Amino acid sequence: MTTFLSQVERLPAPEIDYGAVAPLLIVLGAACISVLFEAFLPKAQRWASQVVLTLLTLAAAGVGLAVYASAESTLEQGKLTLSGTIAVDRPVIFLWATLLLLGLGAVLLIADRSVEPGGAFVADASILPGTKAGVKMQTRELATRREMQTEVFPLTLFALGGMMVFVASNDLLTMFIALEVLSLPLYLMCGLARRRRLLSQEAAVKYFLLGAFASAFFLYGVALLYGFAGSVKLSDIASATTATDRSDTLLYAGFGLLIVGLLFKASVGPFHAWTPDVYQGSPTPVTAFMAACTKVAAFGGILRVLYGAFERSSWEWSGVLWGVAIASMVIGAVLGLTQTDVKRMIAYSSVAHAGFLLIGAISLNDQGLSGTMFYLLAYGFTTIAAFGVVTLVRNSDGEATHLSQWAGLAKRSPVVAAVFTFLLLALAGLPLTSGFVGKFVVFAAAVEAQMVPLVVIALVASAVAAFFYLRVIVLMYFSEPAVDGPTVSVPGAFTTVAITLGAAITLVLGVYPSFALEWAGAGVFIF
Amino acid sequence: MSWTLIALLLLPLVGSLVVAFLRGNDRLAKTVALAFSLVELALAVLAWTAFDPGGDRLQLTSSADWIPAFGVHLSFGVDGIALVMIALIAFLVPVVIGGSWADKLPEGRSAGGFFALLLAMQTGMVGVFAATDVFVFYVFFEAVLVPMYFLIGRFGGPNRQYAAMKFFLYSLLGGLIMLASVIGLYVVSADKLGSGTFDWATLVTVTRDLPLSTQIWLFLGFFIAFAIKAPLVPLHTWLPDAGAEAPVGAGVLLVGILDKIGTFGFLRYCLPLFPAASKELAPLVLILAVVGILYGSLLAVGQSDMKRFVAYTSIAHFGFIALGIFAFSSQAGTGAVLYMVNHGISTGMLFLVVGMVMARGGSRLIEDYGGMAKLTPVLGGLFFVAGLSSLALPGTNSFVSEFLVLIGSYPNEPVYTILAAVGMVLAALYVLWLYQRVFQGPVRGTALIDAVGGPGAAVDPERASVPDLNKRELAVLAPLVALILVLGFYPKPVLDVITPSVGATLSEVGVADPVAQEGK
């Protein structure tokens with residue numbers, strides 16, 4: 001017993017740089033407070049208090065991040081803290097800022113209660129469709145009750161906190177915990193749609209089951225890599241890959257399993273199977289949150305793992321990831337052509353974009369790092385604004401997501417159609433939009449890394465993908481409106497702000513990208 | 001730092017926004033659009049006078065940082081070739097606005113929207129020719145697609161959706177392939193200079209020393225994009241569809257200016273940046289050019305739709321231009337650039353008169369017309385003038401350029417030149433036969449018979465409901481006719497501007513100029 005205690009005393013408490021992790025603590029702490037709100041506030045006050053708390057949290061975290069980022073000591077590279085399990089370096093600062101900004105956009109969409117009376121979330125998620133109570137409640141009452149499950153706010157904050165840890169974690173075990181913290185709330189949030197409850201719950205179950213598999217893959221990979229390197233720290237794995245006395249089998253198998261888990265979260269084809277269904281079934285604000293923030297977190301993690309642990313063994317895996325990137329671009333571009341639902345179409349577009357992002361990630365040079373991060377920022381805002389527009393086009397059954405219903409939209413609602421056209425052109429990568437600059441920086445990095453064939457395939461895939469974006473523009477502008485077509489809701493303040501923010505940043509990053517490129521290229525990872 | 005080009009760029013954009021806001025009042029919107037385009041024309045004249053043909057290669061230059069991280073500068077400037085193209089744009093846009101003044105638009109579309117898009121496109125077109133930074137060029141190259149896409153898709157003929165989509169996808173694919181080469185240029189320059197650049201003049205000094213294989217890859221990226229734009233066979237299939245479905249005004253700018261981006265690109269980018277590759281691949285381009293001349297001419301003969309007819313004649317003409325560029329002689333090169341201007345004028349006029357015929361008969365099909373000259377003698381006469389200019393009759397503008405191309409190409413490429421000359425004969429065939437079918441003989445064809453009042457009815461000009469040209473239409477066509485004749489007899493002012501730039505381009509390629517050798 002005494003020996004045990006003496007051991008405990010000798011175990012040093014980890015040093016915590018509170019300044020560096022302040023944004024994390026703020027977000028996760030506020031998430032806990034938010035849970036308490038759910039427990040103790042009367043139902044009528046919850047929505048307002050949750051919205052205020054969430055927005056304040058994001059602002060406070062942003063301020064904390066800005067203070068840390070501008071501090072003298074961090075200007076150069078950044079810090080390791082918490083026994084080296086969390087690294088807050090320049091790329092992490094950029095990714096955190098991106099996550100907070102995109103989180104803000106998504107929270108605004110989530111908080112809106114004017115487009116769909118009562119909000120996009122179900123009033124009572126526990127009532128199952130198909131059961132007696134459900135059948136009674138399903139169609140009318142449940143869809144029209146003017147309240148919503150405000151649990152979505154703490155869930156969002158927890159997911160966001162998990163994402164922030166994920167991109168900053170410096171060892172694989174921390175990364176795994178973060179992966180679960182970000183995933184579990186998302187599984188729940190998928191099932192909260194006010195309308196089309198069955199589809200929503202199906203999406204949640206599908207995402208949960210496949211996500212659980214992916215987590216298992218990830219964890220198994222971590223275990224094998226521990227066997228290989230004797231450590232879960234990224235830097236230890238990196239130095240182990242240069243040694244000759246280790247088992248290559250463990251390295252390959254561990255890396256393969258690990259990267260499958262990461263690619264799954266990033267919805268890179270061929271690990272994308274969940275994406276269209278989940279994007280379609282989830283409440284659209286949650287889809288926006290997933291499409292933008294999860295993508296940032298997952299690619300942040302991929303970048304960190306590739307640069308930190310496997311840069312020196314790149315010749316062993318780059319061929320495989322070439323194949324994955326090609327598959328993702330081709331799957332996204334080709335299957336996107338056949339979609340008739342606008343949310344599924346954007347889902348396949350996100351698969352194609354994931355392929356482009358992966359090209360940047362596997363370039364393994366400084367331009368690749370900064371280019372991929374810029375792309376994430378640009379793509380995230382475009383996507384959030386695009387899903388914001390999707391929430392506006394509705395008929396009596398809720399959102400009208402079938403493409404045929406969008407015919408002639410420009411006639412009834414020229415502004416919405418014009419904004420959506422601009423966003424689609426950004427997704428297609430036309431110049432003067434952020435999408436073009438993003439593609440450009442990523443492809444330039446890839447050419448620099450001698451990956452010309454991959455870039456050519458990516459450009460052809462972009463041209464193919466452009467077809468389905470254009471098809472929507474054709475529908476909106478050149479077709480006659482459908483007779484019983486949807487109406488376009490007048491967006492409330494929250495949605496308006498979210499869409500304006502997304503579209504404005506898409507334009508600004510397209511016309512004047514210098515400052516963002518500079519931030520993204522301000523420094524490299526430390527491990 | 002010269003502001004002329006910047007003003008030329010921004011003015012139509014401002015005009016476009018103003019006109020877009022005036023959409024509610026069609027008449028006012030049209031007038032404002034015309035006013036903006038005329039001020040732009042005055043600016044272009046100013047630029048022309050400020051340009052010194054004997055001076056620097058690039059003049060009226062201006063530059064500002066845009067994306068320092070990638071060495072991108074917002075820099076503009078013109079050589080003689082770009083200057084004449086910008087002048088052509090500034091000339092054609094008011095003509096097109098006048099020509100489209102009374103167009104019947106599809107239901108629910110406002111004229112204001114149409115003219116706003118036209119002016120937006122003008123900014124894009126000027127930008128393409130004025131950019132001296134490859135990145136900026138690429139941005140304008142793609143940006144100009146968007147207004148054209150909407151012009152075709154919103155205001156075009158019955159099959160407009162298909163045509164707009166086809167146009168956009170072809171151009172976008174070409175542009176994306178070019179993007180690969182643009183990135184390649186950046187990486188190459190970063191290797192050589194330490195930091196990458198997109199500045200055209202700097203790149204020229206970097207890329208000409210590249211090994212041939214690298215040059216060929218980069219050349220092909222640019223070439224495919226330009227060959228789609230200029231349309232060279234076999235990448236031409238979008239043009240007949242786009243040209244036929246586009247509203248007449250947009251069609252004039254499509255074949256008159258947009259397609260010239262391709263041939264301009266050959267001269268500005270393919271030749272100086274990749275001289276070795278240009279020489280290596282010239283036979284390939286020449287074959288495509290000659291095939292284009294013959295194939296385009298033959299298909300033009302066989303067309304039953306007047307707008308498609310104009311599109312196919314253009315494909316033949318672009319063959320001549322490509323031949324002149326890749327024959328690598330100063331005469332042929334100068335001829336090719338002059339051809340670019342003349343083709344804009346004569347084909348633009350042909351498109352406009354076809355539009356006037358259609359406005360009267362309501363049909364694009366040749367067989368719906370016949371003997372129209374009896375009803376509309378002035379329109380018939382002007383149609384004939386446009387046709388003669390298109391077939392390069394001596395005395396018209398096109399003769400000078402076509403003659404220069406052929407005579408300049410012959411010393412270097414006799415076989416291709418002889419084959420191309422066959423195209424001149426075919427041109428006479430397709431133009432005259434079209435004129436004969438539409439305007440000569442007794443009044444016939446469903447479109448006209450209905451208008452006149454039954455078969456066999458004596459034609460009474462008083463009673464006929466097919467009016468001849470009105471004052472507006474005459475005013476639109478008059479400047480075109482004047483230019484056709486002036487440039488036919490006295491092309492010197494234009495040639496003076498073009499020649500030094502073409503000479504500089506060819507000296508960068510480094511092929512011995514047969515004409516210059518004779519001079520020695």
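Predicted model: local features only at pLDDT ≥ 70, side-chain atom pairs only at ≥ 80, totals over all residues.
**View 1. A three-stranded open sheet in chain A.** Welcome to the sheet, where the strands of chain A run in the order β4-β3-β5 with antiparallel pairing. Strands β4 (398-399) and β5 (487-488) of chain A are at the edges with a single partner strand each, so one side of each has no neighbour in the sheet. Look next at β3 of chain A, residues 393-395, which pairs with β4(A) through two bridges in the antiparallel sense. Here you can find Arg394(A) opposite Glu399(A), a residue of β4(A). Helix α16 of chain A, residues 366-392, packs on this sheet and touches β3, β4 and β5 of chain A. The direction of α16(A) makes about 25° with that of β3(A).

**View 2. Helices α15 and α16 of chain A, side by side.** The axes of α15(A) and α16(A) lie 9 Å apart, and the two helices pack at an angle of about 175°. That angle makes α15(A) roughly antiparallel to α16(A), because angles over 145 degrees count as such. On the α15(A) side, the residues to look for include Val342(A), Ile346(A), His353(A), Phe356(A) and Leu357(A). Among their counterparts in α16(A) are Gly368(A), Tyr375(A), Leu376(A), Tyr379(A) and Val390(A). Sorted by class, the residues of this contact are ten nonpolar, six polar and one charged.

**View 3. Ser349(A), a buried residue.** Let us stay with helix α15 of chain A, residues 342-361, where Ser349(A) is found. Ser349(A) has 24 C-beta neighbours inside 10 Å and therefore counts as buried, the cut-off being 20 or more. Which residues does Ser349(A) contact, leaving aside neighbours within four places in sequence? They are Gly332(A), Gly336(A), Leu427(A) and Ala465(A). For a sense of scale, Ala59(A) is 290 residues from Ser349(A) in sequence, and their C-alpha atoms are 31 Å apart in space.

**View 4. The buried face of helix α8 in chain B.** Now we move to chain B, where helix α8 covers residues 200-207.

Definitions and conventions: Residues numbered from 1 in each chain as written. Chains lettered and ligands numbered in written order. Pairing = 2+ DSSP bridges. Helix = DSSP H or I, 4+ residues; strand = E, 2+ residues; numbered from the N terminus. Contact = placed C-beta atoms within 7 Å. Axes fitted to C-alpha atoms, helices over the stretch in contact; angles between N-to-C directions. Buried ≥ 20, exposed ≤ 12 C-beta atoms within 10 Å, placed from the backbone. Parallel < 35°, antiparallel > 145°, perpendicular 65-115°, else oblique. Nonpolar A, V, L, I, M, F, W, Y, C, P; charged D, E, K, R; others polar.
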